[in-house]
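Have a look at the model, then follow the points in order.

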Amino acid sequence: MKKRGFTLIEVIVVIGLLSIISIYFMPSIQIALKLNKKSDYAYKRNYAMKSAIEIYQNKDIGEYYENIDGFNLNISITLFKTGLNKIEVKCDDFMLDMVVKK
């Protein structure tokens, strides 16, 4: 009769090896998670800024303040050329601008 399965020693050795490998890779996993949070923040900020441009493209020239998705945005609409307005949206140290037709 053939034995099927693994012995207790084999299972313990595999668990030990997996734990040693996971300890080795833990710092790189934590760095990857931090980078993911930063990129998620940047994505949400850019989305909020693009939304502000869409919302304010038909507004009059002036300064506006808006909170979209928890981001405090400073929106500035100025005359670019005749028939064109420039919309600048600032958040933190990042700025997004676009020229739109009036």
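1. Which helix is Leu33 found in? Leu33 is found in helix H1, which covers residues 8–56; helices here are DSSP runs of H or I with at least four residues, strands are runs of E with at least two, and both are numbered from the N terminus.

2. A word on what you're looking at: this is a predicted model, where local features need pLDDT of at least 70, side-chain atom pairs count only at pLDDT 80 or more, and totals for chains, interfaces and linings use all residues. Residues are numbered from 1 along each chain as its sequence is written, and side-chain values use heavy atoms, with hydrogens and water left out.

3. Back to Leu33, which belongs to a nonpolar patch on the surface together with Val14, Leu18, Ile21, Tyr24, Phe25, Met26 and Ile29. Together these residues have about 830 Å² of accessible area, computed by the Shrake-Rupley method with a 1.4 Å probe, where for residues only the protein chains shown count as cover. To be in a patch, a residue needs over 30% relative accessible area and no salt bridge; nonpolar side chains (Val, Leu, Ile, Met, Phe, Trp, Tyr) are joined within 5 Å, and like charges within 9 Å.

4. Now the inside. The largest nonpolar core has 14 residues, and Ala52, Leu73, Ile75, Ile87 and Val89 touch the most other members. H1, strand S2 (71–81) and strand S3 (84–91) each supply at least two residues of this core, with the largest share, five residues, coming from H1. A core here is a set of buried Ala, Val, Leu, Ile, Met, Phe, Trp, Tyr and Cys residues joined through side-chain atoms within 4.5 Å. Buried means under 20% relative accessible area, exposed means over 50%, and partly exposed is in between (1.4 Å probe, protein chains only).

5. Leaving aside neighbours within four places in sequence, Val89 is in contact with Met49, Ala52, Ile53, Leu73, Asn74, Ile75, Phe94, Met95 and Leu96. Contact means heavy atoms within 4.5 Å.

6. What does the side chain of Ser76 make a polar contact with? The partner is the side chain of Glu63, at 3.0 Å. (A polar contact is a pair of N or O atoms within 3.5 Å; within protein, one must be able to donate a hydrogen and the other to accept it, and residues adjacent in sequence count only if both atoms are side-chain atoms.) Ser76 lies in strand S2 and counts as buried because its relative accessible area is 13%. Not counting residues up to four places away in sequence, Ser76 touches Gly62, Glu63, Lys86, Ile87 and Glu88.

7. How many salt bridges does the structure hold? There are three, a salt bridge being a side-chain nitrogen of Lys or Arg within 4 Å of a carboxyl oxygen of Asp or Glu. One of them joins the side chains of Asp40 and Lys44 (3.5 Å, N to O). Both residues lie in helix H1, four residues apart, about one turn of the helix. Asp40 is partly exposed at 35% relative accessible area, and Lys44 is partly exposed at 44%.

8. Lys86 has two partners to check. Glu88 forms a salt bridge with Lys86, the closest N and O atoms being 3.3 Å apart. The side chains of Lys86 and Asp97 also meet in a salt bridge, at 3.6 Å, N to O. This second pair links distant parts of the chain, with Lys86 in strand S3 and Asp97 in strand S4 (residues 94–101), 11 residues apart. Shared partners join Lys86, Glu88 and Asp97 into one network. Glu88 is buried at 18% relative accessible area, whereas Lys86 is partly exposed at 22% and Asp97 is partly exposed at 36%.

9. Lastly, please check two backbone angles. Most residues other than glycine have a negative phi. Asp69, in the loop between strand S1 (62–68) and S2, has a positive phi of about 55°. Asp92, in the loop between S3 and S4, has a positive phi near 55°. Asp69 is exposed at 57% relative accessibility, and Asp92 is exposed at 53%.
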